[in-house]
Amino acid sequence: MAELGAAFDPTAPLSASGNLRRRQFVSRFSEATATGAAVLAIAVLAILIYTVAARGAGALSWEFLTTGEPTGIGPALIGTAVIVAIATAIATPVGVLIAIYLTEFAGPRATRIMKATLDLTNGLPSIIIGLFIFGLLIKPLEKQMAFAASVALAVIQLPLIARGSLEVLLLVPGNLREASDALGVSRWRGVIGVILPSALGGIVTATVLAVARAAGETAPLIFASSVFDATKVGLNPFEALPNIPVTIFFLSEEGNPTGFTRAWGASLVLIAVILFASLGARALLSRNRERMSR
Amino acid sequence: MLEPASVPDVRPPRRNRSAERLRRIDRIGDGLLYGVCAFACLLAVVTLLLVAYESVNGASPAISKFGLGFLTSTTWQPNFGEFGAGSLIFGTAFSSFFALLLGAPIAIAIGLYLSELAPKGVRGIVSPLVEMLAAIPSVILGFWGILILAPFVHERIEPFLHDTLGFLPIFGEPQTTGASVFTASLILTIMIVPIIASISRDLFLAVPRELQDGASALGATRWEVVRGVVLPSTGSGVIAASLLGLGRALGEAIAVTQVIGAGSEIKASLFETGDTLAGRIANQFPGAITELHQASLFYCGLILLVIGLLSNLLAQRIGRRFAYAQGVK
Amino acid sequence: MSSTLDSLDSFEQRLAPTPAPRLRIQDQGAPPDTSPHRHIGIEAVFEAKDISIFYGRKKALAGVSLRIPRSEITALIGPSGCGKTTFLRSLNRMNDSVPNFRIEGQILYHGHDMYAGNVDQVEVRRRIGMVFQKPNPFPKSIYDNIAWAPRNLGLKHDLDERVEQALRGAALWDEVKDRLKDSALGLSGGQQQRLCIARAIAIEPDVLLLDEPASALDPIATASIEELMHTLKGRFTIVIVTHNMQQAARVADQTAFFSLDSSAYEPSGTLVEFTDTATMFTNPADPRTRDYVTGRFG
């Protein structure tokens, strides 16, 4: 039998022998690289938030938040709130109903189709959705309107809410469904009375995350609500309403330093709202998971 | 003599009627629930189809005028009614693939850090921070790009790269004020890293502990365990995640148009201005007055839609094959 | 413990199964010597000195001392949950990745403190291999499963031959020699476990730790694994955890019986008795051992 040369002295001290020193160096180097990548990501986030906070804080004031152009972004805040609220009001019922269909009624073929539809819709670039809403509503009606923007945002929100609701509906313990079936309770009573309430926390979480997502979308608003009078508050969804993302976008393209300051201020408000909503949703999510698994 | 007690066994008619009514309500209720849910699903499917329809419809004047030559022509002169998306397709591909080239390795490294290296507490903090990067609206990222990143890139990075690696045509002479394909690619990188990193992290965490233990027990270093077991068994999943990131990069309009400089030619160097399909639409649509201009932008959108759908479908297919392979075990 | 035996040890000797010399003090009629030091004449590969293991605040194992002799099979038996596997995994530092793991006392490997500061875990595992309860082949081909670790170690020459010898050593060669490129996941449970054994011996470790290697297998596969133990014995020092007493009786040279020590405030696992297998199963000293091996509990 040929010597295969793996002999080592087992009684030698237990420090790295043979090629292990080099291999450990390679391993430690990769660990450092991976850690460095994570540090890089955190650093970029920190720089971003710091910049927005530092430059935007200077613009913040009560006046800034409540008055209109050119001193403040009050109407834009209201406008964004209206647009996002309408969008969420459209997307949430549709999304939850889709999720209920997938858990209660759908066969394998329908499930495949719906999952593919949701994934594809989720992957649509928002600029395409902007073009879509232009062609569907803005051009035929020959005017911009916030409602069209809401519809566009609802399309973006729909996959998020549907998937989030689906996840939490699937988590509803089987015995809960069985119990309501065993009691002879009809399908619809079971869903509305038992299943939905227990999934409510997750649905709310998904909705909050969808709100955070919609608040920051700019592209569809360029098409549907970009020509507006930002000096006063508007509430009519059938007109173009001032809004934060488009305001930031236009100010960023103008090249006017005072405009930049206002844009930083608006950015700070927008980021604050989005981060607050995201963190809140995440906290809700972990509390929910705990409750579900008990 | 005992007499059996007589028990009336006729149910009072009133209760019978209400029980029937209840059952009828239940039938209606069930049917209504089904109908409403099915309608919602139909709405979603119809919306998706409508999006495709509107894209084709809006582009039809340009399609009938330019045909497929639109894809290769690089002339874009609104005043003369001449439109061609060649340089835009190039810009889209150039910026997105560069972003993927830069972003995917970083994201995978972050995913490995979060799954293999970080202690549970650190992971609980760093993971949400990375995901928060994805939550930042693109308009803010683009604005930051204009005022902070672009000057920095222009003053420090572009000259450095040109000086050291200038023999490569992609690192040509820095132009303009930092608004370039390179800056746009960096912004895109920042956008896609969180997506790929979160998915990769979950994939790596799902590799069974026993497999990694088996590799460790053979005297392998941490890196060797990752290279030999963790990465190979998640390979196609990571590819699917990267494709999803690519899709994001391809479709980004706002941040790109803010920093890319709206150039119209195909240039080899990253440091020149350029434009992408999405960026061009965002840039010019508000000001597009003529029918043909609008239609040409719709045509760009249609091309973007096709590319986006293809990469999404590919990601779904690879993802499904990955999930199936996991299930086989 | 002399090291001259070791320096004489050549590679060829390791390949050819040679029964190690047994020095045993056995006096007819005298009670069997159950002290841990009875093997004083034979070199000990491991020497555990008053080992206690904690997971956070919970004490999993208390006060274990024993010596594991070279080139023999030592079995660790006892009811589940009394620290056998925990102890085994401490022998190749596999417990390091368990959060809140803490060890007190000393484990000496050929005289070196295994948990000293300058010890390289990876080096430890290169010398002390482990086969797990559930077969865990890599999602690679049969060949690559075996060749993976040698490649890492730089043993790239004669790889084909190394793979063949490993498979022969695990009694798997004849069954797979025509399909080395097929995925290892297509093998049966017993074959996969033998593959894991082949994988472990391909890098020729000093010690093989087996954590209930046959518990997930059917009786026929179990029998083949046990047969394997005997052929591997001379080449490697083997420590095997098993909850199957009969298996220990069939396979091991000496046996350690672990049980729960409920006398302390918090019950933890402990070593009750450690003696040669024949004695343990016919005339154990400790009443707890007697209860266990006669099936009165556990």
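1. Pairing of β3 and β9 in chain C. C:Thr74 has C:Gln254 as its bridge partner in β9(C). This pair belongs to the stretch where strand β3 (residues 73–77) of chain C runs parallel to β9(C), the two being joined by four bridges. The model is a predicted one, and the remarks that follow should be read as remarks on a prediction.

2. Strand β10 (residues 268–276) of chain C is antiparallel to β9(C), and eight bridges link the two. Within β10(C), the residue opposite C:Thr255 is C:Thr275. In general terms, the strands of a sheet pair through backbone hydrogen bonds, either parallel or antiparallel.

3. Burial of β9. How many of the eight residues of strand β9 (residues 254–261) of chain C are buried? Seven are, so the strand is largely enclosed by the rest of the structure.

4. The whole sheet. Chain C has an open sheet of ten strands with mixed pairing. The strand order is β5-β4-β1-β2-β10-β9-β3-β8-β7-β6. The edges are β5 (112–113) and β6 of chain C, each of which pairs on one side only. In the sheet order, β9 stands between β10 and β3.

5. β5(C) pairs with strand β4 (residues 101–109) of chain C in the antiparallel sense, over two bridges. In one of the pairs, C:Tyr109 has C:His112 of β5(C) as its bridge partner.

6. Helices on the sheet. α8(C) lies across β6 and β7 (207–211) of chain C, and its direction is at about 170° to β6(C). Helix α9 (residues 219–233) of chain C also packs on the sheet, where it touches β3, β7 and β8 (237–241) of chain C. The angle between the directions of α9(C) and β8(C) is about 155°.

7. Two loop residues with positive phi. C:Ser71 is not a glycine, yet its phi is positive, near 60°. C:Ser71 sits in the loop between β2 (58–69) and β3 of chain C. Is C:Ser71 buried or exposed? C:Ser71 counts as buried because 21 C-beta neighbours lie inside 10 Å, and the cut-off for burial is 20 or more. C:Glu212 is likewise a residue other than glycine with a positive phi, here about 45°. The loop that holds C:Glu212 runs between β7 and α9 of chain C. C:Glu212 is buried too, since it has 22 other C-beta atoms within 10 Å. A colleague checking the backbone could look at both residues in the structure above.

8. Contact between chains B and C. Chain C gives 20 residues to this contact and chain B gives 16 residues. On the chain C side, α4 (121–127), β6 (128–131), α5 (142–152) and α8 (189–201) each supply at least two residues. The chain C side is made up of twelve nonpolar, four polar and four charged residues. Two of the contributors, β6(C) and α8(C), are also the pair that runs at about 170°.

9. Contact between chains A and B. Here chain B puts in 71 residues and chain A 69 residues. Which element gives the most to the side of chain B that touches chain A? Helix α1 (residues 13–66) of chain B does, with 22 residues. That side of chain B has 51 nonpolar, 15 polar and five charged residues.

10. Make-up and shape of chain A. Chain A has eleven helices and zero strands. Its radius of gyration is 26 Å, whereas a compact globule of 294 residues would have one near 19 Å. Buried residues account for 47% of the 294 residues in chain A. Of the contacts in chain A between residues at least 6 apart in sequence, 78% join residues at least 24 apart.

11. The nonpolar core. The largest nonpolar core holds 277 residues, and A:Ile98, A:Ile133 and B:Ile110 have the most contacts inside it. Helix α6 (residues 146–171) of chain A provides the largest share of this core, 17 residues. Beyond its neighbours within four places in sequence, A:Ile133 is in contact with residues including A:Ile138, A:Ala148, A:Val151, A:Pro220 and A:Phe223.

Key
Residues are numbered from 1 along each chain as its sequence is written. Chains are lettered from A and ligands numbered from 1 in the order in which they are written. This is a predicted model: local features need pLDDT of at least 70, side-chain atom pairs count only at pLDDT 80 or more; totals for chains, interfaces and linings use all residues. Two residues are in contact if their C-beta atoms, placed from the backbone, lie within 7 Å. Ala, Val, Leu, Ile, Met, Phe, Trp, Tyr, Cys and Pro count as nonpolar, Asp, Glu, Lys and Arg as charged, and the others, Gly among them, as polar. A residue is buried if 20 or more other C-beta atoms lie within 10 Å of its own, exposed if 12 or fewer, and partly exposed in between; C-beta atoms are placed from the backbone. Two strands pair if DSSP finds at least two bridges between them. Axes are lines fitted to C-alpha atoms, for helices over the stretch in contact, and angles run from 0 to 180 degrees between N-to-C directions. The radius of gyration is taken over C-alpha atoms; the globule rule is 2.2 Å times the number of residues to the power 0.38. A nonpolar core is a set of buried Ala, Val, Leu, Ile, Met, Phe, Trp, Tyr and Cys residues joined through C-beta atoms within 7 Å.
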